[in-house]
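Student: Hi! Could you walk me through this protein model?
Tutor: Happy to, let's have a look together.
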Amino acid sequence: MEIQTKEEEKLNKISVESRVRKDPYLGLKKGYLFMYNLVQFLGFSWIFVNMTVRLFILGQDSFYDTFHTTADMMYFCQMMAVLEVINPLLGLVRTGVFPALIQVAGRNVILFVIFGSLDDMQNKPVVFFVFYLWSTIEIFRYPFYMLACIGTDWPMLTWFRYNLWIPLYPLGVVAEAVAVIQSLPIFDETRLFSIPLPAGLGHSLSFSYTLQLYLVLMFLGLFINFRHLYKLRQRRYRLRKRKAH
């Protein structure tokens, strides 16, 4: 009877294992995610080091040419970041699409619409603070996910990943809001992206009105993403406590 029981347990175990399909593309997916996070880490690291070195050498003068010295790399990194919305849609990562969309779309509005389309905004100190806060967050986030692809956990990096965003993420949104506010009179003056109106209603509706609405949505997005990141942090530390016990 004992022999039969052991044999039945063995057969049941084999049966269960056979029903669980192993993903034949798992290695390819992990390789792709590893390379994506590595490329983004290198890009944001270049921006961070470039800005830090220029800050030490030039002091406050470095604030005024940040866009012209780092914009190309920031354009590249933020265009690549669109994959962070596509990856969960394809099931490559288990994370929410909406929080990723809020962050990527929000940053790209600031980069391409506010800074990229307005020459008068490109020499303002706010560019330095926006780019520096973005890159400081990402030089810890991307290597964390890169190492996770190979099952490696570096405690110090994990701590930075789950704690550094608490002060930096709101500061980044405040810096972005300052950039939007500073751009409003420029859009009013240049009429760039203005919406044409029927003759009876006037010539056009300034794009600045759209940006004023966007300001409200920015802080709504801050609340949504802050809550999302807080839940990720809570889940991570609960898991670590269980492993410790």
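Student: Where does pLDDT stay under 50?
Tutor: Over residues 13-20, and there the model has zero contacts beyond four places in sequence. pLDDT is the predictor's confidence in each residue, from 0 to 100, and contact means heavy atoms within 4.5 Å. Where pLDDT is low, the predicted coordinates should not be read in detail.
Student: And what does the protein average?
Tutor: Its average pLDDT is 88, with 87% of the residues at 70 or above. This is a predicted model, where local features need pLDDT of at least 70, side-chain atom pairs count only at pLDDT 80 or more, and totals for chains, interfaces and linings use all residues. Residues are numbered from 1 along each chain as its sequence is written, and side-chain values use heavy atoms, leaving out hydrogens and water.
Student: New topic: what does F131 touch?
Tutor: Beyond its neighbours within four places in sequence, F131 is in contact with M51, T66, F67, T70, A71, M74, L111 and F115.
Student: Which residues does UniProt list as "transmembrane region"?
Tutor: The unreviewed entry gives several stretches, including 31-53 and 162-187; such annotations may be inferred rather than shown by experiment, and positions use the numbering here, with feature names shortened. In the model, residues 31-53 are 100% helix and 0% strand, with end C-alpha atoms 32 Å apart. Helices (H or I, at least four residues) and strands (E, at least two) are DSSP runs, numbered from the N terminus.
Student: Where does α8 bend?
Tutor: At S183, by about 30°, and the proline P185 follows within four residues. The bend is the angle between axes fitted to the seven residues ending there and the seven starting there. Just after α8, R191 has a positive phi of about 60°.
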